[in-house]
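Here is a short tour for anyone meeting this structure for the first time. Take a moment with the picture, then read on for the helices and the pocket.

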Amino acid sequence: MTKKTLVAAVLGALMAGGIVGGATIAMAQADVIKQRQDNRKQAAAAMRAIKGIIDAKGDAKTAVPQAAKLKELEIAFVKMFPAGSDKGETKALPAIWTDMKGFEAASAASNAAYDKLAAAAGSGDLAALTAAFADTGKTCGACHDKFRAKAN
């Protein structure tokens, strides 16, 4: 093998590695975006389930697992925003990455609301559950206002 052939082969291998590496990064970003979307779909389903209990004037205690699920989802969700995952089909606003402390504070506020929601549900008091549900909705909305693009 000549020196030119060897150099060309090495450069070709490096370029191929760069292309594959770039594709791997893009796929990883798409995966984390999909994970975030799935997480929020599950959170929305839990909120709808609780709303259904409230609307049906059902047993408040049956909302406990849903409130616990919301907390579990939030703990995972806040960790799903690595650098570079702002590209792709996402409604996440740049403010998440430029104000990560603010985003984490919003997540902490949601977690506190989920704790109150679980306590209200556990008490069996439907009025307390209804009030805690409204407060939870406000913390969700506050985060959406600052960190999530509006739907078209």
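## How H2 meets H4

Start with a pair of helices: H2 passes H4 in a left-handed crossing. Keep in mind that this is a predicted model. The axes of H2 and H4 come within 8 Å and cross at roughly 165 degrees. With an angle over 145 degrees counting as roughly antiparallel, that makes H2 roughly antiparallel to H4.

Which residues do the touching? On the H2 side, the contact is made by Val64, Ala67, Leu70, Lys71, Glu74, Ile75 and Phe77. H4 answers with Phe103, Ser107, Ser110, Asn111, Tyr114, Asp115, Leu117, Ala118, Ala121 and Gly122. Sorted by class, this contact of H2 with H4 has 10 nonpolar, four polar and three charged residues.

## How H4 meets H5

Now follow H4 (residues 100–123) over to helix H5 (residues 126–147). Their axes come within 8 Å and cross at roughly 165 degrees, which makes H4 roughly antiparallel to H5. H4 passes H5 in a left-handed crossing.

H4 brings Gly102, Phe103, Ala106, Ala109, Ser110, Ala113, Tyr114, Lys116, Leu117, Ala120, Ala121 and Ser123. These meet Ala128, Leu129, Ala132, Phe133, Thr136, Thr139, Cys140, Cys143 and Phe147 in H5. By class, the contact of H4 with H5 has 15 nonpolar, five polar and one charged residues.

Let's zoom in on Thr139, which lies in helix H5. What does Thr139 touch, leaving out residues up to four places away in sequence? It touches Ala109, Ser110 and Ala113. Thr139 and Ala106 are 33 residues apart along the chain, with their C-alpha atoms separated by 7.4 Å.

Cys140 is also found in helix H5. Setting aside residues up to four places away in sequence, Cys140 touches Ser110 and Tyr114. Cys140 and Ala113 sit 27 residues apart in sequence, and 9.2 Å apart in space from C-alpha to C-alpha.

## The largest pocket

The largest pocket is lined by 26 residues, and Arg36, Arg40, Phe77, His144 and Arg148 lie nearest its centre. One of these, Phe77, is also part of the contact H2 makes with H4.

Which helices build the lining? Helix H1 (3–55), helix H2 (64–77), H4 and H5 each supply at least two residues. The largest share comes from H1, with eight residues. By class, the lining of the largest pocket divides into 14 nonpolar, five polar and seven charged residues.

Terms used:
Residues are numbered from 1 along each chain as its sequence is written. This is a predicted model: local features need pLDDT of at least 70, side-chain atom pairs count only at pLDDT 80 or more; totals for chains, interfaces and linings use all residues. Side-chain values use heavy atoms; hydrogens and water are left out. Axes are lines fitted to C-alpha atoms, for helices over the stretch in contact, and angles run from 0 to 180 degrees between N-to-C directions. Helices (H or I, at least four residues) and strands (E, at least two) are DSSP runs, numbered from the N terminus. Angles under 35 degrees count as roughly parallel, over 145 as roughly antiparallel, 65 to 115 as roughly perpendicular and the rest as oblique. A crossing is left-handed if the near helix is turned anticlockwise from the far one by less than a right angle, and right-handed if clockwise. Contact means heavy atoms within 4.5 Å. Ala, Val, Leu, Ile, Met, Phe, Trp, Tyr, Cys and Pro count as nonpolar, Asp, Glu, Lys and Arg as charged, and the others, Gly among them, as polar. On a 1 Å grid over the protein atoms alone, a cavity is a set of points where a 1.4 Å probe fits but cannot get out, and a pocket is an open set with protein on both sides within 12 Å along at least five of seven lines; lining residues have an atom within 4 Å of a point.
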